[in-house]
Amino acid sequence: MSEIEVNFREVIYEDIWLLYNWSNDPLSRQMSFSSEPILKEEHEKWFAHVMENPNIVLLIAEVNNEPIGFVRFNISNDEAVISIAINRSQRGKGLAVLMINESIKYIKKIKYIEHIYAYIKEENAPSIRTFLKANFLLVEKEKKEDYFYLKFRYS
Ligand SMILES: CC(C)(COP(=O)(O)OP(=O)(O)OC[C@H]1O[C@@H](n2cnc3c(N)ncnc32)[C@H](O)[C@@H]1OP(=O)(O)O)[C@@H](O)C(=O)NCCC(=O)NCCS
């Protein structure tokens with residue numbers, strides 16, 4: 001895996017439908033806190049909000065200049081919440097750990113961030129394993145509506 005290089009670039013307006021497809025991927029919907037399919041109009045509003053909000057940093061991860069997924073940081077003061085998704089065809093290759101570690105280096109260069117958290121549904125085994133491998137530690141388990149989510153902190 002170490003020979004694979006993941007690069008990041010900040011999202012641009014032309015990525016709108018790429019992100020729509022990633023966000024509407026069945027696994028992503030299932031593992032999100034609201035699991036309903038996303039309508040195009042909702043996505044357009046959300047995307048416009050992301051583009052104009054300096055506290056949301058949305059990075060497109062690329063391997064060999066091809067987009068493979070995204071990492072999003074929602075920032076509040078010196079804290080950030082990270083979430084990621086990988087294109088279905090690129091899963092199972094260990095790329096997510098690399099994406100998390102490299103994107104954290106990236107964000108720390110452009111923003112002052114002391115603490116990074118991830119919120120993951122209890123049933124999301126691949127994501128939990130990925131974040132543990134990327135040096136996140138479980139700090140809390142909380143109930144939200146009808147499911148549990150786990151809060152992880154980057155150490
Ligand atoms: C989370 C995600 C990015 C992980 O991608 P990935 O690194 O390609 O994931 P993998 O398929 O390699 O699985 C990661 C690890 O979990 C393990 N795993 C996969 N399915 C599992 C299961 N059902 N039970 C237990 N472990 C499982 C894999 O074996 C792997 O472990 P290993 O590296 O020790 O072999 C990807 O599944 C995704 O995009 N999911 C949709 C969005 C999402 O859930 N995001 C997380 C919310 S922040």
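Let me start with asparagine 64, which is exposed, because 8 other C-beta atoms lie within 10 Å; the term exposed stands for 12 or fewer such atoms, buried for 20 or more, and partly exposed for what falls in between, with every C-beta atom placed from the backbone. Asparagine 64 belongs to the loop between β2 and β3 (66-76), and its phi is near 50 degrees, a positive value in a residue other than glycine. What I am showing is a predicted model, in which local features need pLDDT of at least 70 and side-chain atom pairs count only at pLDDT 80 or more, while totals for chains, interfaces and linings use all residues. Residue numbers start from 1 along each chain, following the sequence as it is written.

A word on the elements I will name: helices (H or I, at least four residues) and strands (E, at least two) are DSSP runs, numbered from the N terminus. Two strands count as paired if DSSP finds at least two bridges between them.

With that in hand, the turn that holds asparagine 64 is part of a hairpin of β2 and β3 with 2 residues between the strands, and these strands pair in the antiparallel sense over 8 bridges. A hairpin of β3 and β4 also has 2 residues between its strands, and there asparagine 77 in the turn has a positive phi of about 55 degrees. The hairpin of β6 and β7 has 2 residues between the strands as well, and glutamate 145, in the loop between β6 and β7, has a phi near 50 degrees. Is glutamate 145 buried or exposed? Glutamate 145 is exposed, because 7 other C-beta atoms lie within 10 Å.

The open sheet has 7 strands in the order β1-β2-β3-β4-β5-β7-β6, with mixed pairing. Why does one side of β1 (7-10) and one side of β6 (136-144) have no neighbour in the sheet? These two strands stand at the edges and have a single partner strand each, so one side of each is left without a neighbour. From one strand to the next, the twist averages 30 degrees.

Going through the pairs, β1 is joined to β2 (residues 56-63) by 4 bridges in an antiparallel arrangement, and phenylalanine 8 stands opposite alanine 61 in β2. Between β3 and β4 there are 8 bridges, again antiparallel, with phenylalanine 73 opposite isoleucine 82 in β4. Finally, 8 bridges join β6 to β7, which run antiparallel, and phenylalanine 136 stands opposite tyrosine 154 in β7.

For a residue inside the sheet, consider valine 57, which is found in strand β2 and has phenylalanine 73 as its bridge partner in β3. Valine 57 counts as buried because it has 23 C-beta neighbours inside 10 Å. Two residues are said to be in contact if their C-beta atoms, placed from the backbone, lie within 7 Å; leaving aside neighbours within four places in sequence, valine 57 is in contact with Phe73, Ile75, Ile107 and Lys111. Valine 57 and isoleucine 75 are 18 residues apart in sequence, and their C-alpha atoms are 7.8 Å apart in space.

Serine 89, in the loop between β4 and α4, counts as exposed because it has 8 C-beta neighbours inside 10 Å.

How many residues surround the ligand? There are 21, and the closest are Met31, Arg91, Ala96, Ala125 and Arg129. At least two residues of the shell come from each of α2 (26-31), β4 (79-86), α4 (95-110), β5 (115-121) and α5 (125-133), and α5 gives the most, with 5 residues.

Technical notes. A residue is near a molecule or strand if its C-beta atom, placed from the backbone, lies within 6 Å of it. Axes are lines fitted to C-alpha atoms, for helices over the stretch in contact, and angles run from 0 to 180 degrees between N-to-C directions.
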